[in-house]
Amino acid sequence: MKSNVGGLDRALRVAVGAALIVGAAIGAIGPWGWLGLAPLATGLFRFCPAYLPFGWSSCRASSSPSQLEQKP
C-alpha cells in the first residue's frame, strides 16, 4: 500500500478525527462524531482509499536518482 496522504493533510486528518471522537465520547456532538474514526485512520496509515479513483496524492513528489545526478 503506497502512501498518498502527505504531512499537512495527515496532521489535519489526525487532529480533526481526534477532535470529533473526543466530542462524541463526552457527548458534546452526538454519535455522528464517531465518524472521526475515518479521518483518524487515514491520517495514521497515510493512505486514503478515496484518493485512488482520482489518482490524487498529497505526498511530495520524490526525486528519482537520475534527477539527482549533476550535469557536467
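R46 lies in the loop between helix 2 and helix 3 (65–68). The model that shows this residue is predicted. The chain holds 3 helices and 0 strands, and its elements run α-α-α from the N terminus on. This briefing begins with the loop residue and then turns to the helices, the surface and the chain as a whole.

**The residue after helix 2**

- Helix 2 is followed by R46, and the phi of this residue is positive, near 55°.
- R46 takes this positive phi although it is not a glycine.
- Most residues other than glycine have a negative phi.
- R46 is partly exposed, because its relative accessible area of 29% falls between the 20% limit for buried residues and the 50% limit for exposed ones.

**The pairing of helix 1 and helix 2**

- Helix 1 spans residues 7–25, and helix 2 spans residues 37–45.
- The axes of helix 1 and helix 2 come within 7 Å and cross at roughly 145°.
- The crossing of these two helices is left-handed.
- On the side of helix 1, the contact is made by R10, R13, V14, G17, A18 and I21.
- On the side of helix 2, the contact is made by L37, P39, L40, T42, G43 and L44.
- The buried residues of helix 2 are L40, T42 and G43, and these buried residues pack against helix 1.

- V16, L20 and I29 make a nonpolar surface patch of about 230 Å².
- V16, one of the residues of this patch, belongs to helix 1.
- V16 has a relative accessible area of 46% and is therefore partly exposed; this value is over the 30% that a residue needs in order to be part of a patch.

**The chain as a whole**

- The chain has 72 residues, of which 24% count as buried.

Notes:
Residues are numbered from 1 along each chain as its sequence is written. This is a predicted model: local features need pLDDT of at least 70, side-chain atom pairs count only at pLDDT 80 or more; totals for chains, interfaces and linings use all residues. Side-chain values use heavy atoms; hydrogens and water are left out. Patches are made of residues with over 30% relative accessible area and no salt bridge: like charges are joined within 9 Å, nonpolar side chains (Val, Leu, Ile, Met, Phe, Trp, Tyr) within 5 Å. Accessible areas come from the Shrake-Rupley method with a 1.4 Å probe; for residues, only the protein chains shown count as cover. A salt bridge is a side-chain nitrogen of Lys or Arg within 4 Å of a carboxyl oxygen of Asp or Glu. Helices (H or I, at least four residues) and strands (E, at least two) are DSSP runs, numbered from the N terminus. Buried means under 20% relative accessible area, exposed over 50%, partly exposed in between (1.4 Å probe, protein chains only). Axes are lines fitted to C-alpha atoms, for helices over the stretch in contact, and angles run from 0 to 180 degrees between N-to-C directions. A crossing is left-handed if the near helix is turned anticlockwise from the far one by less than a right angle, and right-handed if clockwise. Contact means heavy atoms within 4.5 Å.
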